[in-house]
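The following exercises concern a predicted model. Each task is followed by a worked solution.

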Amino acid sequence: MTLDLTAALQTYTVESQELLEEMERALLALEAGREDPDLIDAIFRSAHTIKGSSGMFGLDAVVAFAHEVETLLEAVRSGQQPIDATLVTLLLRCHDHIAALVHSTLDEDAPADLLAQGDALTAQLHAWLGGAPGDNRTSDDAWHISLRCGQELFRDGMDPLSILRYLGTLGELISVTTLDDALPHAERMDPTSCYLGFEIDLKTEADKQEIDSAFEFIRESSQVHLIPPGSKPAQWAELIQALPEGHDKLGEILVSTGVLTRHELAAAMGIQVIDSPAKPLGDILVEQGLAPREAVNAALGRQMHAGRTAGERYVRVEADKLDRLVDLVGELVISSTVTTLRASHSNDRALQEAVATSSRFIEEVRDAALGLRMVPIGGTFSRFQRVVHDLSQELGKHIELVISGGETELDKTVVDRIGDPLTHLVRNAIDHAIESPEERQAAGKNPLGRLQLNAHHENGSILIELSDDGRGLDRQRIANKAIERGLIDSADGLSDQDVFQLIFAPGFSTAEQVSNLSGRGVGMDVVKRTIEDLRGTVELENRPGQGATVRLRMPLTLAIIDGFLVSVGDARYVVPLDTVEECMELGEVGRRDYLDLRGEVLPFLRLRDLLRDTTETPARQSVVVVSYAGKKAGLVVDRLLGELQTVIKPLGEVFSALKWISGCTVLDVGQVGLILDVPVLVDQAERREATSGHLTAALR
Amino acid sequence: MSILEDDEHHRLHLSGPLTIYEVDEVKERLLAQPGVTLDLSGVTECDGSGLQLLMLIHRDAGTRLTAPSDAVTDILHLCGLSHLAEEPS
């Protein structure tokens, strides 16, 4: 396979993945009792589009299986087949199978056990369709004739019915299907023109020439295709391709008249798409300039017609390009700060106005560029419907998942990385927190357990909360287990929060838990580490007997932030603006490291000490009050220099020891400014305050 | 060919041949009365164009086809379209 094809195949898998997610969402919505024909349509569309694009790559196994699913869905869509929970479960398993097939294409041909699984599912699908397996072929030895009449036929004094009758004299007409697809709507239809088409199966001893002679007089004006008995799928493919009705309909006719088995049809459709020069690899190839757009559109028109009409429209862009754009916009923002500064020093009013206008646009460009990397978290959230569905069924629990704030946006990289930890938390809640229906009833609770997944923005970070209404955390049990595992000697003197945090300690999870989590190899410690890698925090809130809430707080990791510039000695530092509460002058505090903020104790850190800055302390210092996760702290600095927009540049490995620096930035004068990591600093100030035992009383 | 209205049963009776020579007129008449029931018991002869017209009015004018004569039954059977016409009720 050439390099280009590999890339195309990757696009195919990504796209299929999205379609499969859409399909799963719709299936779960159906299961939740929503009766919406749009849902069936969505499921059908997904299966259909996957079949189409799989055909382009000649992935026969996917095409064949998706076709089976589609057939059943078609029956559901037309109302022949009512949908119920059992059918949804079957369709979910079919969904999984398609996903597995699609996934296996990246490596090699589908492994045998996967195919066997597919055959088992296919048999079940057939059972739903009234036990009509594909192999009901009646006419192994019949000729298949496709006739599309020319419009002039009647006026030339010919009649297709006479031809049919003549064919009848040659042998036995096993089946005749009359097609009215070419018949225009009544107003535009001329009764003396012939619009009819026929699919004919003829069992006969006659040879090709004899059969052909029946069409002698109409051959000029009409389309006639003869397919001898025992033809290969490729010949059928050619036929389906040549005819105007669209292969889905035609395929169904061929199967229903028994001329083709479903399997052969699927094979033919696979060939149809790859063999035909009019059907190249689709859009991907257009993008790569390997095929003209018109050709692809013409070829795919019919398939895509049923595709995403209502769905959102996307353009796929390489992440690197996006990063480059964001980077450039960052530089633009910096350079515009310089321009604005220079302009404000000049007396040229016109220049100042022009600069003001352009910087407004630059701000908009910045927001738009950053928005490109932001994706709603809803996609990740809705995946958990499936997890909840499967796991609660497995465990015999009744659990509903309520999702809110799915539209909350955050950086794509963050979204990608929190998927696994969240999955673990959700599974954990289902497995351990929520009780069985009997236990719940005994405790006077609703037997239907409830999981809530919520996301929202707070203080420039994103807060994801997972709440359950289960039994809550048991301090004693956790403490006992931690002692048993040698994590602590005794729980005495530990706060509840400290005890609960123990479940995130490496080695806390037991072996039986790991097996429950189907070998994902993610423990609670990994959850915590992943979140901390994203510079986030994990909090637990316990409501004994009533449930618990896990809060994940993460920075949005924007590449550009609004910052507040301060200086200590000669160095400049940037405090993320959304963490800044207020600024004040540092009064006479002596050597204390806390002050009285309107009656509250406010611990503070002297950046000067932290940085070991040896320059002379100015007479007046200022305090920047910052807050994070509901906690406040003061940062003592030399001077306040005001707001600015700045681009976060990551620091090299060398600086990784500097915990309280989250990045750096280039300031307008070409100087480097360090960006302070407020969460770390707040934590440090609080911890020091706690250990040195300054109490509110000390202030009074 | 003639088309007679049967007031009592709210249906039209088509009788005589239904071929390329008649289809223009029949089309006009039948499209003007969508949703009617068309009694085909009097059709003496039907060719491909007649069949095509029956398919059209059935599809686009919602015309119910009933009581096919032998000539009509024969071609409907030939073309695998027996479901198009209902037996007389």
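**Exercise 1: Contacts and cores**

Identify the residues with which L167(A) is in contact, leaving aside its neighbours within four places in sequence.

Solution. Two residues are in contact if their C-beta atoms, placed from the backbone, lie within 7 Å. Under the stated exclusion, the partners of L167(A) are L173(A), I200(A), L202(A) and A214(A).

A residue is buried if 20 or more other C-beta atoms lie within 10 Å of its own. This core has 47 residues, and L167(A), I200(A), L202(A), L40(B), L51(B), V72(B) and I75(B) touch the most other members. Helix α2 of chain B (residues 48–60) contributes the most, with six residues.

**Exercise 2: Chain B**

Determine which pattern chain B follows along the sequence.

Solution. Helices (H or I, at least four residues) and strands (E, at least two) are DSSP runs, numbered from the N terminus. Chain B contains three helices and five strands; their order is β-β-α-β-α-β-α-β. Of its 89 residues, 37% count as buried.

**Exercise 3: Interface and confidence**

State how many residues of chain A are in contact with chain B.

Solution. On chain A there are 20 such residues, facing 21 of chain B. Both α6 (160–170) and β2 (171–179) of chain A supply at least two residues to that side. The predictor assigns the complex an ipTM of 0.92 and a pTM of 0.45.

Residues are numbered from 1 along each chain as its sequence is written, and chains are lettered from A in the order in which they are written.

Note on methods:
Predicted model: local features only at pLDDT ≥ 70, side-chain atom pairs only at ≥ 80, totals over all residues. Buried ≥ 20, exposed ≤ 12 C-beta atoms within 10 Å, placed from the backbone. Core = buried A, V, L, I, M, F, W, Y, C linked by C-beta atoms within 7 Å.
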